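I opened this notebook to record what I looked up about pockets and nonpolar cores. The sequence and structure come first.

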Amino acid sequence: MILNLLELEAAAKTKMSPMAFEYYLGGANDEITVFENREAFKRLLLHYRVLTGVGERKLETSLFGQKISMPVIVAPTAFHRLAHPDGERATARAAQQADTIMTVSTSSSVSLEDIRASSPDTKLWFQLYLFRDVEASLEVLRRAEAIGVKALVLTVDTPILGRRERDIRQGFHLPDGIQMANFKTDLPKSEGSSLNAHTHQNFKMNLSYADLAWLRNQTDLPILVKGICHPEDAIKSLEYGANGIWVSNHGGRQLDTSPATISILPRVADAVAGQVPIILDGGVRRGTDVVKALALGANAVALGRPILWSLAVGGQEAVTHSLELLRAELDSALGLCGYADLHLPKALLG
């Protein structure tokens with residue numbers, strides 16, 4: 001029985017191929033940032049209050065007009081079918097059961113249309129990479145709009161792929177029967193990581209604020225800029241049309257030794273000053289982590305690897321179980337801190 005999200009990784013390892021497991025697990029270079037994302041949460045202490053009259057807690061919140069049952073959403077991650085045959089279909093159904101948002105990756109192993117068909121009522125966002133081929137970017141954007149996604153998440157921290165030594169060592173590639181479903185294509189053959197070769201061949205490498213402005217002119221959907229780890233980048237993103245900021249270091253998979261997301265969050269939140277919602281990912285495993293992120297200025301957190309581990313462990317049911325575990329921990333942590341809702345002061349952290 002899985003009692004918390006920290007137990008998922010070891011359980012998933014027994015269910016997955018070594019190549020797939022290492023792909024999900026790995027970070028860039030020495031994986032210092034992967035480790036620090038978790039450790040930074042541990043160093044933050046909660047200065048709880050008592051005798052505050054806490055009764056029933058209220059976990060509901062809203063993002064861009066979408067009401068969700070808790071401030072926890074599903075982050076965009078690639079190739080869910082490496083973990084489970086149902087892949088992103090199972091993830092979408094679990095997100096619907098938990099009444100939260102799933103962010104579909106450009107590199108999903110189930111197409112946008114199939115995800116929507118399998119779960120018509122799931123609240124969906126779409127994570128977009130910009131490609132060298134402008135028409136390819138526009139084509140997938142229009143398809144995302146057509147299935148009713150409610151926000152775009154522009155990932156900006158991957159002009160090139162971080163050096164992921166686990167992928168190189170394993171010779172990462174997609175097994176037979178699994179594709180980049182939104183493009184009906186296989187990854188190119190490569191002596192090292194096929195994903196690295198694909199990125200270099202297809203991603204727009206000179207990404208700039210002009211590209212954000214271009215995207216702003218292509219759609220009426222809210223745009224969150226994902227990959228922000230500096231307050232000045234947050235401010236400038238707002239100037240060029242962003243409607244939300246996503247504090248992320250790509251799970252430690254891009255620039256190793258970049259700061260933990262929770263450590264940079266307060267500076268970004270101060271810079272944004274409540275103008276737009278802030279999402280945080282990286283290292284979230286406990287309800288207390290969610291409390292800490294909210295107190296430091298996030299409006300919600302996003303789960304990446306725990307969703308993938310859950311898929312491997314038990315498909316849709318395991319993903320739902322993990323989301324409900326985190327919900328229960330968040331509810332408990334709020335009450336024990338002395339608060340009944342999500343409006344938490346920074347002073348909670350001392």
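My entries on the pockets and the cores follow.

I note that this is a predicted model, in which local features need pLDDT of at least 70, side-chain atom pairs count only at pLDDT 80 or more, and totals for chains, interfaces and linings use all residues. Residues are numbered from 1 along each chain as its sequence is written, and side-chain values use heavy atoms, with hydrogens and water left out.

Entry 1, largest pocket. I took a pocket as an open set of points on a 1 Å grid over the protein atoms alone, where a 1.4 Å probe fits, with protein on both sides within 12 Å along at least five of seven lines; lining residues have an atom within 4 Å of a point. I found 43 lining residues, with Y24, H250, G251, R253 and R305 nearest the centre. I sorted the lining into 20 nonpolar, 13 polar and 10 charged residues (Ala, Val, Leu, Ile, Met, Phe, Trp, Tyr, Cys and Pro count as nonpolar, Asp, Glu, Lys and Arg as charged, and the others, Gly among them, as polar).

I counted 21 residues lining the second largest pocket, and V156, D157, G227, I228 and D233 are the closest to its centre. Its lining holds 11 nonpolar, seven polar and three charged residues.

I took a nonpolar core as a set of buried Ala, Val, Leu, Ile, Met, Phe, Trp, Tyr and Cys residues joined through side-chain atoms within 4.5 Å, where buried means under 20% relative accessible area (1.4 Å probe, protein chains only). The largest core has 97 residues, and I245 is among those with the most contacts inside it. Another core, of 13 residues, lies apart from it and includes L63 and A302.

Leaving aside neighbours within four places in sequence, I found I245 in contact (heavy atoms within 4.5 Å) with residues including V225, I228, V268 and I279.

Terms used:
Buried < 20%, exposed > 50% of the residue type's maximum accessible area, 1.4 Å probe, protein only.
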